[in-house]
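Dear colleague,

Please read them beside the coordinates.

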Amino acid sequence: MMAAILVAGGAGYVGSHTVIKLLEKDIDVIIADDFSNSDERVIHAIEAITGKTVKSYAVDLTQKEEVRRIFDENEIIGVIDFAGFKSVGTSSKAPLAYYRNNLEILLNLLSVMQEQGVYHLVFSSSATVYGNPESLPVKESDKQKPTNPYGQTKVMSERILRDLAKSDERWSFISLRFFNPLGAHKSGDLGENPNGVPNNLAPYITQVAIGKLSELKIFGHDFPTSDGTSVRDYMHVDDLAEGHVAAMEYLLTTSNKFSGFEALNLGSGKGYSVLEILRAFEQVTGKKIPFEYVEKREGDAAESFASIEKAKEFLGWEPKYTITDMCLDTWNWQQKHPNGYNEA
Ligand code: UFG
């Protein structure tokens, strides 16, 4: 058996890009995913892009015996946990499902890791732990005030990791609080593939550009920002994937002698308004993207962007791509796969 990293939720948008980066570094990977918000064809795309075969498990990780089976059948040396529900809106409508799913998966992974003596985990957290930022750029030490159950599950997960790390110094955890991922794989064969009408900005815009949706609805136009639309920190999914790999490598490098828990922001460190993103997509696509202003979404912050100094210092990680790169790659993916994976 080859020593491998277990990537829980490895068929998702960020998970799949991270798997590619690991494989490109000749690090063996096992994917575990229930494919509830992803597609089995992602595995084929990963294999085609990397020219490697990937072992994957279609499993419900809330079932502890399933998690145990994966560890029994493989030599796992570290875990990256992307598995979990991630829709802010749905989490307010179905909080129990969010608490149960997101926390149970992490608890199962950690208890089986403890049984098996595997002590390194990288956790996918979110900028949503900060809620509406009190000051900008957002620092890791800022107050955590999530405004929805999804965000609460991330805060609670980090609490669990912190407490566990205190109980036994063999544990080492890095929690990555990421801001807004954009872009797709260079090949155009892997990208964000939401079910139904997209909630997030970029897939919505590209579906307007390609003619599947008629116009973008911009949530609010009287925020206290330069053009009245809300500002976020967008980063290329490839940079985000690099950050996850850097974190895992950091934990596995024994000479770092790292034990405990560390939370790091991953973002570009810059803020862009909805209108700026829209204009960037218009340039890249060469199409006019119609929009109308509608009511603000409940709980949406006016402005949020990260301080990324800590991640730079800790991991030596830095984002490489520009907004134009992000829009180009998103558009390339959308054009090559207008219906996601549902095509010949
Ligand atoms: N927006 C629109 N119209 C849309 C969609 C989005 O105007 O149809 C605006 C939003 O108001 C926001 C920006 O575009 O200002 C980005 O919105 P997204 O929904 O793409 O992203 P959010 O910043 O709201 O949330 C994302 C993830 C969350 C995560 C959060 C962390 O969806 O899971 O980033 O900051 F928690």
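Helix H3 lies across strand S1 (3–8), strand S2 (28–33), S3 and S4, and runs at about 165° to S3; contact here means heavy atoms within 4.5 Å, and angles run from 0 to 180 degrees between the N-to-C directions of axes, which are lines fitted to C-alpha atoms, for helices over the stretch in contact. Helices (H or I, at least four residues) and strands (E, at least two) are DSSP runs, numbered from the N terminus.

This is a predicted model, in which local features need pLDDT of at least 70 and side-chain atom pairs count only at pLDDT 80 or more, while totals for chains, interfaces and linings use all residues. Residues are numbered from 1 along each chain as its sequence is written, and side-chain values use heavy atoms, with hydrogens and water left out.

The sheet is open and has 7 strands in the order S3-S2-S1-S4-S5-S6-S11, with parallel pairing, two strands being paired if DSSP finds at least two bridges between them. Strand S3 (55–58) and strand S11 (260–266) are at the edges with a single partner strand each, so one side of each has no neighbour in the sheet. Direction ignored, neighbouring strands of this sheet are turned by 20° against each other on average. Within the sheet, strand S4 (residues 75–81) and strand S5 (residues 120–126) pair in the parallel sense over 3 bridges, and Ile80 stands opposite Val122 in S5.

H3 (residues 64–73) also meets helix H5 (residues 95–116): their axes come within 9 Å and cross at roughly 40°. H3 and H5 are therefore oblique to each other, a word used for angles that are not under 35 degrees (roughly parallel), over 145 (roughly antiparallel) or 65 to 115 (roughly perpendicular). The contact involves Lys64, Val67, Arg68, Phe71 and Asp72 of H3, and, among the residues of H5, Leu109, Val112 and Met113.

A further helix pair is formed by H7 (residues 201–209) and H9 (residues 274–285), whose axes come within 11 Å and cross at roughly 40°. Its contact is made by Leu201, Ala202, Ile205, Thr206 and Ala209 of H7 with Val274, Ile277, Leu278, Phe281 and Thr285 of H9.

Finally, the UniProt record, an unreviewed entry, places the feature "domain: NAD-dependent epimerase/dehydratase" at residues 5–250, and such annotations may be inferred rather than shown by experiment. Over residues 5–250 the chain is 41% helix and 19% strand, and the end C-alpha atoms are 13 Å apart.
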